[in-house]
Amino acid sequence: MLYFTRWKVVAILCTVFAVCLFAFPNFLPTKMVDSWPKWAQRHVVLGLDLQGGSHILLEVDTKAVRKEMLETLRDDVRRVLREARIGYTGLVVRGNSVEVRIREGQNSGQAQEKLQTLSQPLGGILSATGHRNVDITSEPNNLYRLTLTDPAILERVRQAVDQSIQIIERRVNELGTVEPLIQREGSDRILVQVPGLQDPTRLKQLLGKTAKLDFHMVDSSIPAQQALQGHVPAEDEILYSASGPKTPYLVEKRVLVSGADLTDAQPGFDPRTSEPVVNFRFNTSGARKFAKVTQENVGKPFAIVLDNQVISAPVIREPILGGSGQISGSFTVQSANDLAILLRAGALPAPLTIIEERTVGPGLGADSIAQGKISSYVGAAMVVLFMFATYGLFGLFANIAVAINVAMIFGVLSMLNATLTLPGIAGIVLTVGIAVDSNVLIYERIREEVRAGRTPINAIDAGFSRALATILDSNITTFIAAAVLFYIGTGPVRGFAVTLGIGIITTVFTAFTLTRLIVAYWVRWRRPQRVPI
Amino acid sequence: MRLLRIVPDDTKFDFMRFRRISFPISAMMSILAISLYFFHGLNFGIDFKGGTLIEIQTKAGPADLATMRASLSALGLGEVQLQQFGAPNDVLIRVAEQPGGDAAQQLAVNKVRGALGSDIEYRRVEVVGPRVSGELLSYGIIGLMLAILGILIYLWFRFEWQFALGAMIANVHDLVLTIGFMSLTRIDFDLTSIAALLTILGYSLNDTVVIYDRIREMLRRYKRMTMADLLNISVNATLSRSIITHVTVTLALLALLLFGGQAIHSFTATMMFGVVLVGTYTSIFIAAPILIYLGVGTGRDQPSRSESDRP
């Protein structure tokens with residue numbers, strides 16, 4: 001156990017040195033490291049709990065996605081049957097399906113054939129899964145039921161998440177924050193982590209808005225109040241104003257131009273009133289549509305609708321042909337700016353709900369770092385003193401091994417660009433405990449072997465070989481616990497699992513190589529007559 | 001230099017004799033802990049219960065809890081708890097989960113922010129919606145179970161099944177007592193507590209495995225020794241290591257407990273109880289002697305008993 005071949009010694013020392021080297025950039029100023037090649041720019045990332053920031057978990061509103069899919073399906077059924085001139089009654093959305101009854105005397109075979117065109121295989125031709133988006137069943141009395149399949153809904157939710165991630169990225173980048181993290185979580189969730197944010201209120205406002213902007217005509221044939229009390233025409237709907245007193249508007253359901261046709265939106269000021277406004281520009285097709293509508297409707301009001309709320313309803317004074325316009329509507333500078341950001345980034349395909357939020361202010365983060373440092377230093381100092389008091393020279397060897405062990409943990413954390421959290425620091429402190437334990441196991445075993453009457457070198461050799469088996473066994477069990485923690489944990493808990501897991505690996509490594517190497521060289525150098533522990 | 005010797009060499013404590021005391025005590029403590037869990041309950045934090053947790057620091061002088069309590073309870077948000085947290089100007093506010101889904105939680109936070117005014121630094125805001133809290137709890141429980149199962153399987157491969165079972169009984173005993181401790185002290189039971197439980201599990205096993213390793217070695221070496229003697233020798237042989245290791249872990253934990261701050265206070269307190277108090281006791285007084293009951297080396301007692309029967 002005490003004999004090392006030359007190449008093994010070199011390999012051990014090189015590994016230790018290389019791993020420790022990776023920890024080095026953490027102690028240098030960021031500017032210096034920035035000029036290095038990319039592969040060397042590895043460092044430990046401070047968790048949100050240490051540097052401050054917001055962790056926000058969003059969920060796509062599956063119900064809203066399904067509702068929209070059902071409404072689209074219903075419209076498709078109507079279109080298909082009308083195109084084929086097939087009479088029907090009672091076209092309704094019921095539960096997870098659309099039901100339609102074909103009139104008596106109609107060609108039901110043709111109707112079924114037409115409806116069947118709505119049922120498409122999922123995932124296109126290339127990745128055919130055998131699932132279809134719609135199941136069609138026919139029942140007595142010419143009733144047809146078109147049911148959305150679960151895979152179809154799942155697929156749409158998945159797409160909605162993908163699109164939302166891109167849109168959220170554009171929105172968050174406008175905030176000018178450093179290194180925001182935006183990623184998918186599970187099938188219908190998005191995790192947004194923004195470090196170093198003092199107040200997440202604005203971020204949450206930017207995330208939570210669908211930002212679906214549409215232009216509609218206002219129906220002025222009857223006053224909105226009257227429509228509210230009596231009968232709302234089938235092609236209209238009542239929408240309310242977004243700000244100020246809640247004013248109802250009777251708005252045509254038909255969309256004139258949608259926000260998807262916008263190419264740009266910028267905050268600005270109205271030259272006459274010097275109120276904050278949002279200036280926008282349409283793309284070519286949007287501009288053409290907008291020009292046509294405004295030409296035909298001079299003198300009539302139209303409504304600018306954002307997320308089903310009327311921002312403003314100006315009267316068209318003259319045709320707008322240039323494809324650009326202005327939204328005014330009691331904005332502040334901030335809200336005009338935010339609306340411009342939202343319009344530039346585009347509308348979310350489905351509403352997102354915040355289901356978890358964790359924000360740590362920069363003050364608490366700095367305090368946590370300070371506390372983490374103090375407790376690590378104090379803990380390490382006490383352990384080092386105790387080990388020296390208990391084992392003397394061998395305690396010193398153990399302390400060197402443990403110090404290198406901690407440096408290696410930082411090296412591996414840097415290599416992985418891992419996140420260090422406050423529980424992560426606790427994990428390192430506990431690793432020091434485990435690392436010391438491996439040395440204690442070895443030394444106690446050596447002492448036992450000495451008492452059993454072995455010669456010093458024999459005892460040291462036997463102590464190592466017997467203790468190492470135990471170290472392996474006991475550390476693997478702890479490693480299993482750390483692995484499970486990593487697998488199930490989120491955020492801070494995962495940070496703890498990472499440092500604990502890495503710490504166990506480096507501990508076993510140093511116990512098997514470095515501690516043994518140090519003791520082996522000492523034995524060769526001193527040829528001890530008795531073991532000094 | 002004279003070296004520190006906490007445990008003298010060649011101790012010969014008869015630990016196995018204590019099993020007639022330690023087993024009933026452990027059984028009673030476990031029953032107590034379980035009934036604490038059922039009748040006193042755990043103080044679930046927002047991770048598992050849902051709701052809002054806000055840590056604030058008043059900028060001007062100590063916080064006036066009474067005024068804050070009055071203005072917050074006027075919001076009609078149900079149960080609102082205020083608690084001083086460390087320094088006199090640090091306050092922890094807990095708002096119970098609001099009915100009406102995830103959006104309602106966000107609304108409650110905005111209301112609290114409005115009521116507290118601007119002369120305040122928000123150090124931490126955590127909002128956990130009803131669905132996430134349910135998932136976190138089930139993940140936590142599944143995680144604990146998986147860890148126990150994984151370790152059991154590993155020990156079964158490395159040792160005989162009696163050892164795996166013994167280690168599991170010993171460690172479930174540790175977890176049960178720790179949960180009782182958490183119930184008694186009303187420590188917030190959250191994700192960090194699950195981390196603490198898993199770490200206690202890891203440490204406690206670490207200790208158990210070290211003793212079991214030695215027992216296995218002794219079983220091979222001394223074929224004729226009675227089981228009780230063999231266990232005593234094994235525990236005594238590893239005693240010095242057990243104590244020294246626990247002292248170092250205690251020192252490390254003590255540093256975390258004293259200087260680690262409020263955020264990990266409950267974590268370290270739980271670890272202190274589970275690893276230092278219970279873990280050490282368990283590996284010596286439960287994990288080792290239980291092997292006798294599980295029938296490790298049953299064949300051994302026969303010849304030795306007949307030996308002792310001799311005049």
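## Basis of the model

This is a predicted model: local features need pLDDT of at least 70, side-chain atom pairs count only at pLDDT 80 or more, and totals for chains, interfaces and linings use all residues. Residues are numbered from 1 along each chain as its sequence is written, while chains are lettered from A and ligands numbered from 1 in the order in which they are written. The predictor gives the complex an ipTM of 0.86 and a pTM of 0.81.

## Chain B: fold and extent

Chain B has eleven helices and six strands (DSSP runs: H or I, at least four residues, for helices; E, at least two, for strands). Its radius of gyration is 25 Å, well over the 19 Å that the globule rule gives for 311 residues, so chain B is more spread out than a compact globule. The radius is taken over C-alpha atoms; the rule is 2.2 Å times the number of residues to the power 0.38. Along the principal axes, the C-alpha atoms fill a box of roughly 85 × 50 × 30 Å.

## Chain B: confidence

Mean pLDDT (the predictor's confidence in each residue, from 0 to 100) is 86 for chain B, and 95% of its residues reach 70 or more. Helix α1 (residues 19–40) of chain B has the highest mean, 93; helix α11 (residues 301–309) of chain B has the lowest, 45.

## A:Ile409

A:Ile409 sits in helix α12 (residues 393–415) of chain A. It counts as buried because it has 30 C-beta neighbours inside 10 Å. The cut-offs are 20 or more other C-beta atoms within 10 Å for buried, 12 or fewer for exposed, and partly exposed in between, with C-beta atoms placed from the backbone.
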